[in-house]
Amino acid sequence: MAISAADVKKLREMTGAGMMDCKKALTETDGDFDAAIEFLRKKGLAQAEKKAGRIAAEGIVSTVISDDDKTATIIEVNSETDFVAKNEVFQTYVNGLATQINNGNYADMAAFLADTSAIDPSATVEAHHKAMVAKIGENLTIRRFEKITGDVVVSYIHMGGKIGVLVEAATDKDDDAVKEAMKNIAMQIAAMNPQYVNRDEISAETLAKEKEIVIDSSLADPASLPKPILNAVIAEAIETNKWNDTDKAAYEEQKNNKFLFNFLSDEAIQALRDIAATHKAEYVENKIFAGLVEGRFSKHLKEICLVDQAYVKAENKENVAQYIANVAKENGCSFDIKKFIRFETGEGLEKKNEDFAAEVAAQMGK
């Protein structure tokens with residue numbers, strides 16, 4: 001299938017990989033973005049999987065919590081411009097939607113849109129939304145919402161509504177100290193964007209897939225291969241003439257230089273990647289390489305699991321799990337994070353390119 005420049009640009013923004021690498025990934029995967037991201041990660045070309053991509057649409061995330069702090073709703077409503085997102089009328093409208101969801105019981109978006117609007121009882125939520133679009137003068141989208149209930153819930157809004165977080169805890173003490181700790185954890189989630197509370201939430205299938213990606217990306221990074229393996233791969237590249245004379249000479253001259261790879265051509269480095277990949281089964285059984293993979297895999301899990309992350313407000317090297325345990329001990333209570341929800345405005349949406357000057361000129365008939 002034909003791959004558009006817009007698709008390549010979008011994948012580049014989602015992964016940080018180069019333009020040509022993104023085009024190749026999309027071509028190899030028939031335009032499937034999730035498969036293309038995995039392709040890039042296995043090649044060691046993507047910084048990290050960012051299913052959501054960059055913030056690419058305007059709007060706000062809003063949260064509402066019940067008076068007893070046990071039920072909370074988070075909602076994202078998109079607008080075309082940041083100007084509207086900052087408008088008080090728009091913000092009040094979004095808060096009203098969140099309040100209705102929090103007070104109601106909706107199975108999905110369709111059920112919510114079909115219900116009578118709490119803001120305007122003479123219309124459905126959908127009809128009132130269309131009226132708001134006409135009033136504000138921009139296309140508005142009620143994109144998503146989630147609702148949670150627990151022993152105690154807290155919310156946190158960052159950057160004026162660009163990021164919103166809900167946190168649910170199981171605790172037998174919902175006093176201010178516990179809520180303050182939960183707010184700190186919500187700030188952690190906003191800043192560090194974990195994907196899971198703990199490793200128990202990750203399925204065996206996902207764990208296996210993630211480990212496979214770490215293995216492939218390690219093989220695609222020859223400079224970091226264990227010395228014995230790297231030497232074997234280089235020897236094969238030379239013996240099979242996968243390197244040209246210039247790269248062979250550069251290696252002989254710089255082989256004891258820790259910056260060796262700065263002297264090799266891109267083609268020579270790619271040859272090393274290709275050779276390493278052909279020995280995948282053998283290297284996976286190698287204890288040194290297996291140790292490298294386990295270290296990288298463990299680091300990756302610490303990044304995506306909330307309780308394993310370093311606690312950003314800690315003065316020592318305390319992680320989030322230790323912070324939670326300390327809060328429980330200091331307050332003489334049970335305290336455990338059960339769930340969190342994090343919305344970031346415009347996740348996965350592509351923002352249209354706009355020429356503001358041209359738009360103003362067009363509106364003025366010039």
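**Sheet, rings and charges**

Q: Which residue in E3 stands opposite isoleucine 74?
A: In this predicted model, that's glutamate 146.

Q: What makes strand E2 and E3 a pair?
A: Pairing takes at least two bridges, and 8 of them join E2 (residues 71-79) to E3, so the two count as paired. They run antiparallel.

Q: Why are E1 and E3 said to stand at the edges?
A: The open sheet goes E1-E2-E3. Strand E1 (58-65) and strand E3 (141-149) each have a single partner strand, so one side of each has no neighbour in the sheet.

Q: Why is the aromatic pair of tyrosine 106 and phenylalanine 112 called edge-to-face?
A: The centres are 5.1 Å apart, within the 6.5 Å limit for a pair.

Q: How do you know whether tyrosine 106 is buried or exposed?
A: Check its relative accessibility: 18%. Buried means under 20%, so tyrosine 106 counts as buried. Phenylalanine 112, at 0%, is buried too.

Q: What makes tyrosine 311 and tyrosine 323 a stacked pair?
A: Their centres are 4.1 Å apart with 20° between the planes; under 30 degrees counts as stacked, so that settles it. Both tyrosines are buried.

Q: How do you know that the charged end of lysine 10 is close enough to count as over the ring of phenylalanine 33?
A: Lysine 10 sits over that ring, 4.9 Å from its centre, and the distance limit is 6 Å. Arginine 144 likewise lies over the face of phenylalanine 343, at 3.9 Å from the ring centre.

Methods
Residues are numbered from 1 along each chain as its sequence is written. This is a predicted model: local features need pLDDT of at least 70, side-chain atom pairs count only at pLDDT 80 or more; totals for chains, interfaces and linings use all residues. Side-chain values use heavy atoms; hydrogens and water are left out. Helices (H or I, at least four residues) and strands (E, at least two) are DSSP runs, numbered from the N terminus. Rings of Phe, Tyr and Trp (its six-membered ring) pair if their centres lie within 6.5 Å; planes under 30 degrees apart count as stacked, over 60 as edge-to-face and the rest as tilted. Buried means under 20% relative accessible area, exposed over 50%, partly exposed in between (1.4 Å probe, protein chains only). A charge sits over a ring if NZ of Lys or CZ of Arg is within 6 Å of the ring centre and within 35 degrees of the ring normal.
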